[in-house]
Each structure stands twice: as C-alpha cells, then as structure tokens.
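Dear colleague,

I am handing over the structure we spoke about, with the sequence alongside.

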Amino acid sequence: MSEIEPAPSSEPSPSEASRASAGGTSALDWLTGQIISAWQSFRRLLSVVRLRPFDAATAEGRSSERYRRAALTSLSSMLARGIGVFTGLAWIRISLGYLGKEAYGLWMAVGSLIAWANLADLGLARGMQNHLSRANGEDDRELGARYVSTGFLALLTMAAVLGLLALPALFLVNWNALLNVRDTALVQQTRSVLFAVLACFLLSFPLSVVSTIYSAYQRGYVPNLFSLLNSLVSLLMLLIVTQARLSLPWLIVATNGVGVATTLVNFGVLLREMPWLRPRLSLISRATLRDLAATSGSLFLFQIGALMVNETQSVIIARKLGLAHVTEWSIFMRVLLLPLALIQMIDLPLIPAFREAHVRGEADWLRTAFWRVTKLKMAIAVICAGLLIGAGNWIAGILSGGSVSLPREVWGACALLLVVAAWGGSFNDLMIAVDRLRLLVITVIANGIVTPVLTYALAVHLGLFGVALALPLFSIVSSAWLLPWACRDLLRSAPQPAARVG
C-alpha cells in the first residue's frame with residue numbers, strides 16, 4: 001500500500017497518513033482528519049450542483065461536468081433512498097405482519113434463488129456500460145446506438161430462452177423439500193410463488209438496459225426519480241393487496257409488476273431524451289455482439305462469484321437453521337444495506353466518469369477523484385459501523401415490528417463487513433472501469449467458492465453470527481490488499497519534471 005499515492009498534495013495518501021501517525025499523531029486525530037477531509041470532498045461535490053451543464057469542450061469543464069452529474073445522481077439517489085427507507089419500513093412491517101415469518105421467509109428464499117437467473121445475461125448489461133461509456137468518451141453516437149440495439153435484442157432472446165428452460169423445472173423439482181417448507185398452507189403455494197417471481201423477473205430482464213444506458217451517459221439521476229415513484233406505488237399496491245386479503249403469489253405479481261411498469265415508462269423517457277439510441281434492427285451486427293461478449297465474459301464470471309458470495313446465505317440458512325432464520329437474516333441484510341446504499345450513492349455515479357476519463361487519457365482527474373470518493377466512503381463506513389454495533393437491534397426492531405433481535409456479536413460482524421465492503425468496492429469499481437478484469441475475476445470467483453463453504457461450516461456451530469462472520473473473511477485475507485496493489489500504477493503520482501535553472 002505504500003506505493004499508492006494520490007496526485008495532488010492536498011490529497012494525502014494512506015502511507016502519508018501512516019507516517020504522520022508514527023510521528024506522534026494519535027489514531028483519534030488521524031481519524032478526525034480523515035472525516036474532515038471526507039466532508040471537504042463531499043462539499044466539493046455539492047459545489048458543482050446545478051441544472052445547467054458545464055462546458056465540456058475543455059478539460060476543466062469536463063471535470064466539473066463529471067462531478068455535476070455525479071452529484072445530481074447522488075442527491076437524487078439519496079432522495080429516492082430516503083423515501084425508500086420509509087416505504088421499505090412500512091413494506092416490511094405490513095408484509096411481515098400479513099404473511100408471518102414462514103411465508104415471508106419463503107418469499108425471500110425464492111428471491112435469492114431467482115437472483116441466480118441474472119447470470120443468464122452472461123454479463124452483457126455490465127459489459128455494455130463500459131462500451132457505452134467509451135462511446136460517450138469518444139463522442140460517437142452511432143457506436144452507442146449499435147451497442148444498445150445489439151445488446152437489447154440479445155437480452156430479449158436470453159429472456160425467452162430462460163423462460164423455456166425454467167418452466168419444466170417448476171414442475172419437476174421438489175421445491176418444498178429444497179426450501180424446507182414445513183407449513184402445510186405454504187406447501188400448496190410454493191410453486192405459484194416461484195412462478196410469480198420468475199414471471200416478473202423475465203419481464204424486467206431485457207429492461208436492465210435502461211439503467212445501464214443512463215449510468216453510462218452519467219445521467220443516473222433520471223432512473224433514481226423513477227425508483228422513487230416505484231417505491232411509492234409499490235407500497236400502495238401492497239396496501240391494496242393486503243386489504244383484499246389476496247394470497248402471496250398475487251401479492252408478488254401486484255408489487256413486482258409496478259417495477260416493470262415504471263421501468264417501461266422510464267425507457268420511453270430515455271428514448272425521447274436520447275433518440276439516437278433507439279434500438280434498430282439495421283444496427284444489429286455480429287461484430288458488435290463479439291465486442292460486447294469480449295468484455296461480458298469476464299463480467300459474467302464476476303457476477304457468478306458475487307452471487308455465490310451474496311445469494312447463497314438464504315438457502316444455506318433455510319436448510320441448516322430453518323425459514324424463520326431466513327427472515328432474521330433478511331432483516332439483518334436490510335439493516336446492513338442502509339449504510340451500503342449511502343456509500344453506493346456516492347460511489348456508483350462516478351464509475352462511468354472514471355471510464356470516460358480513462359478513455360480520454362485524463363489520468364490526474366481519475367486519480368484525484370478516486371481518492372476523494374474512497375476517503376469519503378471509508379469515513380461513512382467507519383461511522384456507520386459504530387452505529388450498527390450500538391443500534392443494530394433498535395433498527396432491526398423498527399423494521400420487523402420488534403420481532404427480530406440479534407446478539408451483539410452479529411452486529412460486530414456486520415460492522416466489520418461494512419468497512420471491508422466499502423474499501424474493496426472502490427477497487428472493484430476502478431478495475432471494472434479501466435478493463436482490468438482478470439485478477440478481479442479470479443479473486444471474486446475464489447471468494448465465491450470459499451465464502452459459501454465457510455458459511456455452511458460456521459452456521460452449524462455459530463448460527464447467524466457464523467453466517468455474518470463468513471462474509472468478510474476472504475476479503476480481509478486476500479483481496480483487501482491484493483487489488484490496491486494491482487492498481488498502484490493508476491493511483492501513483494506521475495513524476496514531475498525537474499525545474500529548469502536559468
């Protein structure tokens with residue numbers, strides 16, 4: 001880590017901070033300095049917030065415009081997430097009270113299984129973002145239109161194939177045994193629940209291009225506003241369904257269907273704002289598909305590893321501990337996602353900007369922006385980690401109506417996971433933005449193999465504490481230092497030319 005140095009003198013590197021600490025500065029003073037520096041970075045982002053764009057004809061204008069769009073995206077995301085927290089609280093309280101722990105746990109477990117179907121896009125959506133960001137950096141509208149047309153048709157085809165393959169599995173697999181469903185009333189609904197979740201997923205599958213396009217063109221604030229609308233309308237539909245006393249499958253169709261509808265409307269808005277990206281059969285080509293596949297293959301493996309890390313816990317818990325513990329884990333993850341969502345609001349809008357700056361060769365901006373964002377994220381993670389340890393059960397009680405309370409050591413593991421995720425996520429995003437995927441994929445796949453094994457072993461002996469503890473262990477041992485080392489050339493200051501005498 002000592003080789004990584006940000007460019008400007010106003011952005012001290014981790015190694016400089018360490019030397020300062022060794023020189024006599026206390027750990028508390030260093031932490032205070034980092035928080036102040038992070039707050040200053042946040043104020044810099046806010047200083048460029050305005051509706052009128054900056055002139056992108058100059059390097060300075062492009063820098064301000066990247067920060068402006070990132071700030072607008074972050075602020076709109078905060079607004080959407082803020083509304084989402086309140087609607088989500090009401091959502092959990094209403095649905096958990098209406099369904100009970102067993103039925104709610106079944107819904108969450110099925111959702112984890114269906115999440116694996118995201119692999120069917122073979123990494124295409126993530127890969128398309130990099131290509132569209134490149135097209136944006138090169139100011140090539142026709143290139144962007146070719147990627148959108150080819151990618152959208154490919155996703156439509158994949159959704160159709162996935163549906164044809166999934167239908168037989170719905171009837172041939174004993175899902176009640178797999179998911180450990182014991183409630184006799186739920187046994188009759190399990191297959192219908194699977195069908196409802198799958199149908200909504202397949203309808204939304206090709207529409208993933210909408211958020212991808214907005215992100216690539218650094219306009220993520222638009223889908224954020226539609227996300228806000230989706231939260232409010234979904235809650236309204238939940239109230240209608242519970243008042244009508246409909247079954248769980250109909251509840252899923254009604255609420256998840258709102259997301260499909262709002263995304264369709266968002267797609268229409270996108271094509272009106274950027275009409276050159278309208279999908280056209282004449283722009284579809286094998287060459288474009290090969291370009292997408294070249295990047296998507298690595299990102300597909302990345303998705304596999306990420307899903308193995310993040311989406312195996314519910315099934316393991318259902319098998320080893322029971323569906324009621326799946327509900328507890330779901331509440332635990334929702335609490336963890338509150339600070340993670342805040343971190344992602346700041347982080348994700350800058351990934352396409354990193355890509356664009358890298359394409360244009362503006363390395364100084366990339367390095368400075370990366371460290372500013374990373375320091376801000378780490379300050380938030382450390383503060384929220386302390387809050388999780390002290391107030392985790394209070395938040396979980398609010399979300400669950402007082403039905404979920406976890407041991408203090410579980411929240412300690414949660415705090416550790418939050419800090420590790422904030423640090424590692426920065427370097428994951430940077431390596432994706434600059435197409436350095438090989439090492440990243442290797443570490444994520446290794447994590448995806450090791451973490452489920454640790455989860456299974458520790459769940460038996462330590463319960464949910466073991467499940468929470470298993471998640472950050474691999475990153476602490478390997479990727480937390482390996483990925484920064486692999487990015488050292490991107491984050492090291494370029495040597496300055498010697499001053500001429502005379």
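Below is what was found, taken one region at a time.

Please keep in mind throughout that this is a predicted model.

I would begin with helix α16, which spans residues 351-360 and has 7 of its 10 residues buried, so that it is largely enclosed by the rest of the structure. The buried residues of α16 are I351, P352, A353, F354, R355, E356 and A357, and what covers them includes α3 (59-99), α5 (124-137), α10 (208-216), α15 (323-347), α17 (363-400) and α18 (408-433). Just after α16 comes G361, which takes a positive phi of about 80 degrees.

If residues up to four places away in sequence are not counted, I213 touches L132, V148, L270, M274 and L277. As general background, nonpolar side chains tend to be buried together in soluble globular proteins.

There is also a nonpolar patch on the surface, formed by V85, F86 and L338, which together have about 290 Å² of accessible area. Of these residues, V85 is found in helix α3, and V85 counts as partly exposed because its relative accessible area is 38%, a value that lies between the cut-offs of 20% for buried and 50% for exposed.

With best wishes

Conventions: Residues numbered from 1 in each chain as written. Predicted model: local features only at pLDDT ≥ 70, side-chain atom pairs only at ≥ 80, totals over all residues. Heavy atoms only, no water. Buried < 20%, exposed > 50% of the residue type's maximum accessible area, 1.4 Å probe, protein only. Helix = DSSP H or I, 4+ residues; strand = E, 2+ residues; numbered from the N terminus. Contact = heavy atoms within 4.5 Å. Patch = residues over 30% accessible without salt bridge, like charges linked within 9 Å, V, L, I, M, F, W, Y side chains within 5 Å. Areas by Shrake-Rupley, 256 points an atom, 1.4 Å probe, with all protein chains shown as cover. Salt bridge = Lys/Arg side-chain N within 4 Å of Asp/Glu carboxyl O.
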